[in-house]
Amino acid sequence: MKFWYEVIESHYIDIDFQKIYDYIKSDDPDIEIIDVYNTFIDNVSFYLRSIYECEDLEEEDNEYNINELIDSWGDWFDKTFGKNWDEV
């Protein structure tokens, strides 16, 4: 009898929010700050795969981590653009 089992691996990537911001801005230099913010949130997996080449990322298996990343993305915007960046 053959017994199959799954091996779960974990990988990490060192996220550089400036790199993500610049990548999104490169497509449309006139994009508003709030739209850069929302573009990443709406397409987190796409940008992580595109920039960091993590093709094995499964969004549904990493919901908690992606939500943490989104929270950190917002914190980076607060630090980089000031607390009221989304009101401009």
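Biologist: Does tyrosine 64 count as buried or exposed?

Modeller: Buried means under 20% relative accessible area, exposed over 50%, partly exposed in between, with a 1.4 Å probe and protein chains only. Tyrosine 64 counts as exposed because its relative accessibility is 59%. Tyrosine 64 lies in helix 4. Helices are DSSP runs of H or I with at least four residues, numbered from the N terminus.

Biologist: What should I know about the source?

Modeller: This is a predicted model: local features need pLDDT of at least 70, side-chain atom pairs count only at pLDDT 80 or more, and totals for chains, interfaces and linings use all residues. Residues are numbered from 1 along each chain as its sequence is written, and side-chain values use heavy atoms, without hydrogens and water.

Biologist: Which residues of helix 2 are buried?

Modeller: In helix 2 (residues 33-42), they are Val36, Tyr37 and Phe40. They sit on the same side of helix 2, because their arc around the axis is only 100°. That arc is taken from the directions from the helix axis to the C-beta atoms.

Biologist: What do the buried residues of helix 2 pack against?

Modeller: Contact means heavy atoms within 4.5 Å. The buried residues of helix 2 pack against helix 1 (17-27), helix 3 and helix 4.

Biologist: How do the axes of helix 2 and helix 4 cross?

Modeller: Axes are lines fitted to C-alpha atoms, for helices over the stretch in contact, and angles run from 0 to 180 degrees between N-to-C directions. Angles under 35 degrees count as roughly parallel, over 145 as roughly antiparallel, 65 to 115 as roughly perpendicular and the rest as oblique. Here the axes come within 10 Å and cross at roughly 165°. So helix 2 is roughly antiparallel to helix 4. The residues of this contact of helix 2 with helix 4 are 10 nonpolar, one polar and no charged. Ala, Val, Leu, Ile, Met, Phe, Trp, Tyr, Cys and Pro count as nonpolar, Asp, Glu, Lys and Arg as charged, and the others, Gly among them, as polar.

Biologist: And how do helix 3 and helix 4 cross?

Modeller: Their axes come within 11 Å and cross at roughly 85°. Helix 3 is therefore roughly perpendicular to helix 4. Val44, Ser45 and Leu48 of helix 3 meet Ile66, Leu69 and Ile70 of helix 4.

Biologist: Where is glutamate 53?

Modeller: Glutamate 53 is in the loop between helix 3 (44-52) and helix 4 (63-81). Its phi is near 55°, a positive value.

Definitions and conventions:
Helix = DSSP H or I, 4+ residues; strand = E, 2+ residues; numbered from the N terminus.
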